[in-house]
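The sequence and the model are shown first.

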Amino acid sequence: MEAAADTFWSDFKAGLKPAAEVADLPDSGKPFAPGDTVIIPFLSEILSPLQAEVFKAHGYQAFAPTLDQEMINTGYRYASGGECMPNAAIIGSFLECIRKEQLDPAQCTIFLPGLCLACNFNQYSILARNALESAGLPGIKIFNGNMLKRAPGLSNRLNSQILEVNILGSLLY
């Protein structure tokens, strides 16, 4: 917060003007296409595997990699430098999963739903997009939907089961 305030003040003193127009993020297509592999970044040893099993039960190939030091190192390599360790771990978990499993990036969707947490978790998809571009993988889809609404492209049953495992995972964790 202080760094942002310092930057804003410095820009103001230097007479810098904001950009006239801010471009939208590029659309990477529908988040869940037939044949996609769903990558669930490590959030917990309970929730992530439960989410993967729901996708598998509905015919998706899904991975919920277990976090290790190599993933954290990879995450920091492609993060911009100011992120917290959990963000670097999430970035590293999906990048290492793609590499280790030799997945086609064009057929991957990263499942990073919007959640009600007391941190910047909802900004992770933006930071993940930047890390993917740095890693040379700009076209990977990221699902960052509101988990209180139906996810586009998924059946009502799959949507309901994802909500159920999120509640169950929260209770068990």
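Helices (H or I, at least four residues) and strands (E, at least two) are taken as DSSP runs and are numbered from the N terminus. The model is predicted: local features need pLDDT of at least 70, side-chain atom pairs count only at pLDDT 80 or more, and totals for chains, interfaces and linings use all residues. Residues are numbered from 1 along each chain as its sequence is written, and side-chain values use heavy atoms, with hydrogens and water left out.

## Overall architecture

The chain contains 6 helices and 4 strands. Their order from the N terminus is α-β-α-β-α-α-β-α-β-α. Of the 173 residues in the chain, 40% are buried; buried means under 20% relative accessible area, exposed over 50%, and partly exposed in between (1.4 Å probe, protein chains only). A contact is defined by heavy atoms within 4.5 Å. Among contacts in the chain with a separation of 6 or more, 67% involve residues 24 or more positions apart.

## Aromatic pairs

A pair of aromatic rings is described by the distance of the centres and the angle of the planes. Rings of Phe, Tyr and Trp (its six-membered ring) are paired if their centres lie within 6.5 Å; planes under 30 degrees apart count as stacked, over 60 as edge-to-face, and the rest as tilted. The structure has 7 such pairs. One of them joins Phe-32 and Phe-143 in a tilted arrangement, with 5.2 Å from centre to centre and 45 degrees between the planes. This pair links distant parts of the chain, 111 residues apart: Phe-32 belongs to the loop between helix H1 (2-13) and strand E1 (37-39), and Phe-143 to strand E4 (residues 141-143). Phe-32 and Phe-143 are both buried.

Phe-55 and Tyr-60 form an edge-to-face pair, 5.7 Å centre to centre with 90 degrees between the planes. Phe-55 and Tyr-60 are also both buried. One aromatic cluster takes in Phe-32, Phe-55, Tyr-60, Phe-111 and Phe-143.

## Salt bridges

Side chains of opposite charge can pair when their charged atoms come close. A salt bridge here is a side-chain nitrogen of Lys or Arg within 4 Å of a carboxyl oxygen of Asp or Glu. The whole structure holds 6 salt bridges, including those in the table.

| Glu-53 | Lys-56 | 3.4 Å |

How many residues apart are Glu-53 and Lys-56 in helix H2? They are 3 residues apart in helix H2 (residues 47-57), so about one helical turn separates them. Glu-53 counts as partly exposed because its relative accessibility is 47%, and Lys-56 counts as partly exposed at 40%.

Arg-99 is partly exposed at 47% relative accessibility, and Glu-70 is partly exposed with a relative accessible area of 36%. Through shared partners, salt bridges join Asp-68, Glu-70, Glu-96, Arg-99 and Lys-100 into one network.

## Surface

Accessible areas come from the Shrake-Rupley method with a 1.4 Å probe; for residues, only the protein chains shown count as cover. The chain has an accessible surface of about 10300 Å², and carbon and sulfur atoms account for 57% of this surface.

Patches are made of residues with over 30% relative accessible area and no salt bridge; like charges are joined within 9 Å, and nonpolar side chains (Val, Leu, Ile, Met, Phe, Trp, Tyr) within 5 Å. Leu-163, Ile-167 and Leu-171 make up a nonpolar surface patch, together with about 310 Å² of accessible area. Ile-167 is located in helix H6 (residues 156-172) and counts as partly exposed because its relative accessibility is 48%.

## Cysteines

With a disulfide defined as a pair of cysteine sulfur atoms within 2.5 Å, the whole structure contains 0 disulfides. Cys-97 is in no disulfide, and the nearest cysteine sulfur, that of Cys-108, lies 7.4 Å away. Cys-97 counts as buried because its relative accessibility is 5%, whereas Cys-84 is partly exposed, with a relative accessible area of 37%.
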